[in-house]
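Dear colleague,

I am handing over the structure shown below, together with a summary of what was found in it. Please read the notes alongside the coordinates.

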Amino acid sequence: MAIVRSRNIFDPGSETPFKLSRSKLELLLQCPRCFYIDRRRGVGRPQGPPFNLNIAVDTLLKKEFDIHRAGGTQHPLLEHYGVDARPAAHEELDAWRENFQGIQYHHAQTNLLITGAIDDLWINSREEYIVVDYKATSKGEVIDKLQDTRWHDAYRRQMEIYQWLLRQKGYRVSPTGYFVYCNAGTDGAAFDGKLEFDVRLIPYEGDDSWVEGVVFRAKECLLSETLPPAGKDCEYCAFADARRRME
């Protein structure tokens, strides 16, 4: 079912900064038409079921890393991979993790308030912050690097937007971020009420030089009075177009 919104719809005549999340920037990149219908017309894409198992893994990982954050100790995963980092004890981390709040930066040139909720933040010996993102899946192969897939491309962009947000707020940020990738195995003899995860740490060298250009594109799209073209791979628009032709 499509989501119809009455709040946070862009008004071209308003002088109030307009909040735009990291996921909405990603939507613009995937399909300008879906982005426009969502933010200008208030109709979002149909939503699938929530990924509750992924949310559970995220919550437990946050609790686990928070134990080491509170104790000022290094997590065993970081020791295993020889990573120069420890969980950062930043006073705003709880807010930065909150959905619908997150890290917020007012981009004055567009009057857009760009936001993004991070999973975790580490810090290295050079006092550079490290963006960390948790991922959970279940695949029959070892996941020890990001592949050239649509999903993994979106993960890269997600990391780079978070890095950009922190830098805009004046923080020193390491170009290297990390994905804590948890892959649930299916080769056990039985379920026995538990899943066993292969947990890997995947480094990624981010490049956020593209982000500001997309912020400007978002504002240009929002100001338009005409419906933009659909993304070439947008399944939602392809389905809508096919339905219209049939009707």
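Strand 9 (residues 176-184) and strand 10 are antiparallel partners, joined by nine bridges. Within this pairing, alanine 184 faces phenylalanine 197 of strand 10. Helix 3 (residues 52-71) packs on the sheet to which these strands belong, where it touches strand 4, strand 7 (120-123), strand 8 (129-137), strand 9 and strand 10. The direction of helix 3 makes about 140° with that of strand 8. Please note that the model is a predicted one.

The sheet in question is open and has five strands in the order 4-7-8-9-10, with mixed pairing. Its edges are formed by strand 4 (86-87) and strand 10 (197-205), each of which pairs on one side only.

There is also an open sheet of three strands, arranged in the order 2-6-5, again with mixed pairing. Strand 2 (18-21) and strand 5 (103-107) are at its edges and have a single partner strand each, so one side of each lacks a neighbour in the sheet. On average, neighbouring strands here are turned by 25° against each other, direction ignored.

The two pairings of this sheet may be taken in turn. Strand 2 runs parallel to strand 6 (residues 112-116), and four bridges join them. Serine 21 is found opposite threonine 115 of strand 6. Strand 5, by contrast, runs antiparallel to strand 6, with five bridges between the two. Here histidine 107 stands opposite leucine 112 in strand 6. Strand 5 and strand 6 make up a hairpin with four residues between them. In its turn, asparagine 111 adopts a positive phi of about 60°.

Helix 1 (residues 22-30) lies across strand 2 and strand 6.

Just after helix 6, glycine 170 has a positive phi of about 95°.

Lastly, I turn to the second largest pocket. What volume does the second largest pocket hold? The space within it comes to about 360 Å³. Its lining consists of 17 residues, and those nearest the centre are Ile37, Pro46, Tyr236, Cys237 and Ala240. At least two lining residues come from each of helix 2 (32-41), strand 3 (43-44) and helix 8 (235-246). Which element gives the most to this lining? Helix 8 does, with seven residues. By class, the lining of the second largest pocket comprises 10 nonpolar residues, one polar residue and six charged residues.

Yours sincerely

Note on methods:
Residues are numbered from 1 along each chain as its sequence is written. This is a predicted model: local features need pLDDT of at least 70, side-chain atom pairs count only at pLDDT 80 or more; totals for chains, interfaces and linings use all residues. Side-chain values use heavy atoms; hydrogens and water are left out. Two strands pair if DSSP finds at least two bridges between them. Axes are lines fitted to C-alpha atoms, for helices over the stretch in contact, and angles run from 0 to 180 degrees between N-to-C directions. Contact means heavy atoms within 4.5 Å. On a 1 Å grid over the protein atoms alone, a cavity is a set of points where a 1.4 Å probe fits but cannot get out, and a pocket is an open set with protein on both sides within 12 Å along at least five of seven lines; lining residues have an atom within 4 Å of a point. Grid points are joined across faces, edges and corners, and a volume is the space filled by probe spheres set on the points. Ala, Val, Leu, Ile, Met, Phe, Trp, Tyr, Cys and Pro count as nonpolar, Asp, Glu, Lys and Arg as charged, and the others, Gly among them, as polar.
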